[in-house]
Amino acid sequence: MSVSNLIEVQNVSFAYDQRPVLKNINLVVPRGKVVSIMGGSGCGKTTLLRLIGGQLKPSIGSVMVDGESVGTLSANQLTKLRRKMGMLFQMGALFTDLNVYENIAFQMREHTDLPEPIIHDLVMMKLHAVGLHGAYKLMPSELSGGMARRVALARAIALDPMLIMYDEPFAGLDPISLGVIGKLIRKLNDALGATSIVVTHDVQESLKIVDYVYMVSDGAVVAEGSAEEIRSSTLPFVHQFVWGETDGPVAFHYPSEDYSDLLLGRTL
Amino acid sequence: MKAIIRVPALIGHYVNDRLWRLGFASRFLFMILIQSGTCLIRPRLVLREAYFIGVQSLIIILVSGMFVGLVLGLQMYDTLERFGSGEGVGTVVALALVRELGPVLSALLFASRAGTAVTAEIGLMKTTEQLSAMEMMAIEPVARVIAPRFWAGIISLPLLTSMFNVMGIFGGYLVGVLLLGVDEGIFWSQMQATVDFREDVLNGIIKSVVFAVAVILIAVFEGYNSPPTAEGVSSATTRAVVTSSLAILALDFVLTAFMFRGI
């Protein structure tokens, strides 16, 4: 494994029971970069993140993170590796019984012996970084979708991870929150010297902030390149995806029998 | 012909499924025990859950205990008086409560009040990816979320059962002594002379500990394994209360047979 790459996914296949999700996928994530994995719903993006995080093990192939094969690590080794990772979940996944402050302090209290005044300062710094130091007393139920995502982002960077993973960070956000989250992903990655993976199907927003893009369809990488290369790609799937065309290689209609037969009830 | 094959197949599938679940639950119990070190190092986690599981169940336990004692006092006095032994109402109420009704009814109430709350809470934590988030933070959810609730349940139910028994006996006293005029001295002295601490009280507490393990294990297991959807959490909660109730009644029969019939 090259030292310049933090992650190397090599010939990985994965199936839920008998249903294949990833088929012989290969990708690398260089250190210090923001890399996006794009694709339609259900194409295996989140599964890929879970494989990198060690929540799933590949059926075939290997996932190397910081020189370690995630699928073969023992529970203790995996715990150690995960301490160097931060993850932003699709809906934030904030602990609903804890307020904003406690959510961010949670990991610090679990993994460090830092005295309370230092934890206080660190929590406030993380919240300040996402522009929410004034909201430290609020409960998750009192936050808007965008605010919850920002708090979750502050929690993901609580222990200054080397790798930050974002699972659909733009889903369900208004345009202002969308821009804020996008800028934060880029800013935090550069400020912390971290490496980021953004799993998303929000093309326009992510292309503004990422260094490299992998496009996944039907469990395989179908295209890759810089944001500009993806924008100007003439590959039918990439073109359809980037410009949001309703029909193309990804058909508008779900496969079915003949429509007229269905209407006339001949197949029922 | 098809029905002849289908019915045994369905029964076989059902039995197979139940056995698999029992196996998973046993493995889950083993995991909880292995991951319980955190609870020893940080007992505040258990105390916090004991507050939600135990202290917040106190009202329903106390009120139910009182009413059960009141009704038991009335029924027992009426029956005993036919044989001219109405003074024995205190003894009968106390024995019925400490041996049977206290542990069983407390456990049933506990399953419906605290067990369902635990299942729904853990199920929702799973649905909203809070458990996954914890896992990704290198924090084992079984150690941090499941084990404290498990031990809190085991500590809480025997204490709640004792409260239930005390309130029930007090209810019996109110009816027997204050309402129906049984002599106060006979009420308490007969009870003291007849109810044996080891044979009756301790066996009742052992029962409540066994019920606590069953109820709280079912509650955390169903919550942890619920499908991450609204319907999944709802079915898991229903399954938790139904399975717990049946487990309590079945275990009660087995324990009673061993404890009080000398099998």
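Modeller: Gladly! Buried means under 20% relative accessible area, exposed means over 50%, and partly exposed lies in between, with a 1.4 Å probe and protein chains only. This is a predicted model, in which local features need pLDDT of at least 70 and side-chain atom pairs count only at pLDDT 80 or more, while totals for chains, interfaces and linings use all residues. Residues are numbered from 1 along each chain as its sequence is written, chains are lettered from A and ligands numbered from 1 in the order in which they are written, and side-chain values use heavy atoms, without hydrogens and water.

Biologist: Thanks! What makes A:Thr195 count as buried?

Modeller: Its relative accessibility is 2%, and the cut-off for buried is under 20%, so A:Thr195 counts as buried. A:Thr195 is found in strand 8 (residues 195-200) of chain A; strands are DSSP runs of E with at least two residues, helices are runs of H or I with at least four, and both are numbered from the N terminus.

Biologist: Which residues does A:Thr195 touch, not counting those up to four places away in sequence?

Modeller: Among them are A:Leu6, A:Val29, A:Pro30, A:Met162 and A:Leu163, where contact means heavy atoms within 4.5 Å. The C-alpha atoms of A:Thr195 and A:Leu163 are separated by 4.8 Å, although the two residues are 32 residues apart along the chain.

Biologist: How do you know that the side chain of A:Thr195 reaches the backbone nitrogen of A:Gly32?

Modeller: The distance is 2.8 Å. A polar contact is a pair of N or O atoms within 3.5 Å; within protein, one must be able to donate a hydrogen and the other to accept it, and residues adjacent in sequence count only if both atoms are side-chain atoms. At 2.8 Å, the A:Thr195 to A:Gly32 pair is inside that limit.

Biologist: And B:Ser226, is that residue buried or exposed?

Modeller: B:Ser226 is buried, because its relative accessible area is 1%. The residue lies in the loop between helix 9 and helix 10 (230-260) of chain B, and its side chain reaches the backbone oxygen of B:Gly223 at 3.0 Å. B:Ser226 also touches residues including B:Gly123, B:Lys126 and B:Val233.

Biologist: Let's turn to charges. Why is the pair B:Glu222 and B:Arg21 called a salt bridge?

Modeller: The term asks for a side-chain nitrogen of Lys or Arg within 4 Å of a carboxyl oxygen of Asp or Glu. The closest N and O atoms of B:Glu222 and B:Arg21 are 2.9 Å apart, so the pair qualifies. It links distant parts of the chain, with B:Glu222 in helix 9 (residues 197-224) and B:Arg21 in helix 1 (residues 2-34) of chain B, 201 residues apart. B:Glu222 counts as buried at 4% relative accessibility, whereas B:Arg21 counts as partly exposed at 22%.

Biologist: What about B:Lys207 and B:Glu100, how far apart are their closest N and O atoms?

Modeller: They are 2.6 Å apart, and the two residues form a salt bridge. B:Lys207 lies in helix 9 and B:Glu100 in helix 5 (residues 89-127) of chain B, so the pair ties together parts that are 107 residues apart in sequence. B:Lys207, at 0% relative accessibility, counts as buried, while B:Glu100, at 23%, counts as partly exposed.

Biologist: Which side chains of chain B and chain A meet in a salt bridge at 3.2 Å?

Modeller: Those of B:Arg48 and A:Asp97. Both belong to a network of salt bridges that also links B:Glu49, B:Glu121 and B:Arg149. Between chain B and chain A the count is four salt bridges, and 14 residues of chain B are in contact with 22 residues of chain A.

Biologist: Finally, how do you know that the span of helix 9 of chain B agrees with its length?

Modeller: The expected span is 1.5 Å times one less than the number of residues. For the 28 residues of helix 9 of chain B that should be 40 Å, and the end C-alpha atoms are 38 Å apart, which agrees. Helix 1 of chain B, with 33 residues, reaches 47 Å, close to the 48 Å expected.
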